Amino acid sequence: MSPSTQERQPTRNPLIFAWRFICRINMTIWIFVAMAVGILVGWLAPSFAKELKPVANIFITMIKCLIVPLIFATLSVGIAGHGDDLKRIGRLALKSIVYFEVVTTIALAIGLITVNVLRPGDGVDLKGASTAEGIKYANTSITVQGVLDHIITESFFKSASDNTVLQIVFCSIMFSLGMVKATSTESRVVMLKWLQSLSDIMFAVTGLVMNFAPIGIGASMAYTVGSSGISVLVNLGKLVGSLYLALIIFVLLVFVPVMLLCRLPIRGFLRAVGQPALVAFSTASSEAALPKAMENMEAFGVPKKIVAFVMPTGYSFNLDGSTLYLAMASIFAAQAGGISMPVGQQLLMMLTLMLTSKGVAAVPRASLVILAGALKSFELPLESVAVILGVDALMDMGRTTVNLVGNCLATAVMAKWEGEFRQDHIPHNTDEEKNVESTYESKSH
């Protein structure tokens with residue numbers, strides 16, 4: 001056999017075949033693998049798993065540093081670049097708020113029905129549980145002034161350093177409206193080009209950071225399982241199981257019908273939210289999934305200005321999973337304390353939760369703050385907060401995922417409502433195929 005013939009034959013080195021196979025695995029599969037490995041590490045080596053928290057924090061911190069420039073640039077370009085005025089923005093805001101209120105009310109109803117039917121609090125022993133945690137969260141008062149402080153800021157740079165999403169949205173809207181009203185066309189064009197360049201670069205940086213996702217997600221899962229342990233699931237498994245069942249029911253009874261009514265392609269939507277949902281579930285952080293979710297929804301066919309406005313706003317006003325959790329946790333506290341609550345009192349508590357849960361996403365452990373405040377107002381045992389804390393991390397993973405998917409769906413619904421959904425832009429290929437196609441197109445041009 002001649003040397004030239006040997007060169008044309010494909011190599012049979014198993015290491016090369018293995019490497020090529022690994023390179024063809026997309027990011028979503030790697031995240032699934034990392035989650036499985038993380039669960040095993042947390043279960044089999046809990047002491048070691050607890051030491052992995054800094055690794056998980058690195059990934060979340062890197063993602064958080066992208067949020068401010070990404071939202072500011074994307075929303076400003078989306079509004080000013082299309083010449084939107086106050087009337088159009090106001091219409092989109094009104095539609096979004098109406099949608100958010102309807103969906104979160106349904107979430108409260110499903111949570112209330114589920115907790116009354118399954119009664120996960122029956123038989124839970126609150127003796128020995130401390131009231132210190134409940135008192136600490138209950139003393140964190142939520143007022144109208146506090147909610148306004150989370151919307152309007154006295155310093156953009158302070159809001160940026162604190163990653164206060166709703167304040168960044170407010171500043172972005174004001175800045176973009178200023179560009180629309182600017183008398184100098186040249187100034188507006190120069191600023192729009194700069195912001196568009198910033199937006200493009202930030203999405204590219206998001207892609208780089210997402211390469212670290214499997215490592216960060218695996219470490220996060222290991223830490224969560226290692227810290228909570230299996231014993232906690234055994235003791236409060238009914239509460240955790242009831243919450244996840246209610247979340248599944250909510251998705252099937254609300255999200256799926258909404259997609260069908262709006263004639264959204266379900267398979268395309270699932271592909272768009274799949275990877276961000278895995279990030280949200282494994283890290284229990286909506287912020288960690290925000291940049292990738294915004295990028296995927298824009299690729300799904302939602303205009304940039306709608307994604308940039310609706311999704312960050314929904315992070316404070318459209319917390320479907322958290323609202324459902326609050327409904328269940330509050331009645332769970334009554335059941336665990338052996339307190340029988342009439343239907344009227346339960347409905348009054350749900351109304352209180354619906355009002356107090358809006359616009360407080362920037363409050364640390366906002367769900368527990370709202371829960372403890374409601375328990376104190378209705379004279380329910382604060383010891384239940386300490387009990388719930390044992391499995392709060394596991395429940396937070398589920399409710400955060402539903403929050404994320406709900407906000408992604410809200411952007412698509414608003415795009416359909418506004419008649420601006422671009423169905424021809426729905427991606428049908430994998431990330432690797434899109435990269436190959438974009439490379440080929442750039443070379444051909």
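**Figure 1. Helix H17 in the predicted model.** This is a predicted model. Helix H17 is built from 17 residues. From its first C-alpha to its last, H17 reaches 24 Å. That is close to the 24 Å expected at 1.5 Å a residue. Burial is the main theme of this view. In H17, 17 of the 17 residues are buried, so the helix is largely enclosed by the rest of the structure. Just after H17 comes Gly338, which takes a positive phi of about 70°.

**Figure 2. Gln335, a residue of H17.** Helix H17 covers residues 320–336, and Gln335 lies in it. Is Gln335 buried or exposed? Gln335 has a relative accessible area of 7%. Buried means under 20%, so Gln335 counts as buried. Which residues does Gln335 touch, leaving aside those up to four places away in sequence? They are Val115, Asn116, Arg119, Pro120, Gly121 and Asp122.

**Figure 3. Helix H5 against helix H15.** Two packed helices are described by the angle between their axes and the distance between the axes. Here H5 spans residues 53–80 and H15 spans residues 286–300. Their axes are 8 Å apart, and the packing angle is about 40°. That angle makes H5 oblique to H15. The crossing of H5 past H15 is left-handed. On the H5 side, the contact uses Ile63, Lys64, Leu66, Ile67, Leu70, Ile71 and Thr74. On the H15 side, these residues meet Glu287, Ala288, Leu290, Pro291 and Met294. Sorted by class, the contact has 9 nonpolar, 1 polar and 2 charged residues.

**Figure 4. Helix H5 against helix H11.** H5 also packs with H11, which covers residues 185–210. The angle is about 150°, and the axes are 8 Å apart. How does H5 run relative to H11? The two are roughly antiparallel, because angles over 145 degrees count that way. This crossing is left-handed. Among the H5 residues in the contact are Phe59, Met62, Ile63, Leu66, Pro69 and Leu70. Among their H11 partners are Leu192, Leu195, Gln196, Leu198, Ser199 and Met202. How many residues of each class make up this contact? There are 18 nonpolar, 5 polar and no charged residues.

**Figure 5. Helix H10 against helix H16.** H10 runs over residues 165–181, and H16 over residues 304–317. Their axes come within 9 Å and cross at roughly 145°. H10 passes H16 in a left-handed crossing. From H10, the contact takes Val165, Leu166, Val169 and Ile173. From H16 come Phe309, Pro312, Thr313, Ser316 and Phe317. By class, the contact has 7 nonpolar, 2 polar and no charged residues.

**Figure 6. Helix H10 on its own.** H10 has 17 residues. Its first and last C-alpha atoms lie 24 Å apart, close to the 24 Å expected at 1.5 Å a residue. Which residues of H10 are buried? They include Val165, Leu166, Val169 and Ile173. Those four also take part in the contact with H16. Others on the buried list include Gln167, Ile168, Cys171 and Ser172.

**Figure 7. The chain around these views.** The chain has 21 helices and 0 strands. Of its 445 residues, 49% are buried.

Definitions and conventions. Residues numbered from 1 in each chain as written. Predicted model: local features only at pLDDT ≥ 70, side-chain atom pairs only at ≥ 80, totals over all residues. Heavy atoms only, no water. Buried < 20%, exposed > 50% of the residue type's maximum accessible area, 1.4 Å probe, protein only. Contact = heavy atoms within 4.5 Å. Axes fitted to C-alpha atoms, helices over the stretch in contact; angles between N-to-C directions. Parallel < 35°, antiparallel > 145°, perpendicular 65-115°, else oblique. Left-handed = near helix turned anticlockwise from the far one by under 90°. Nonpolar A, V, L, I, M, F, W, Y, C, P; charged D, E, K, R; others polar. Expected span 1.5 Å × (residues − 1).
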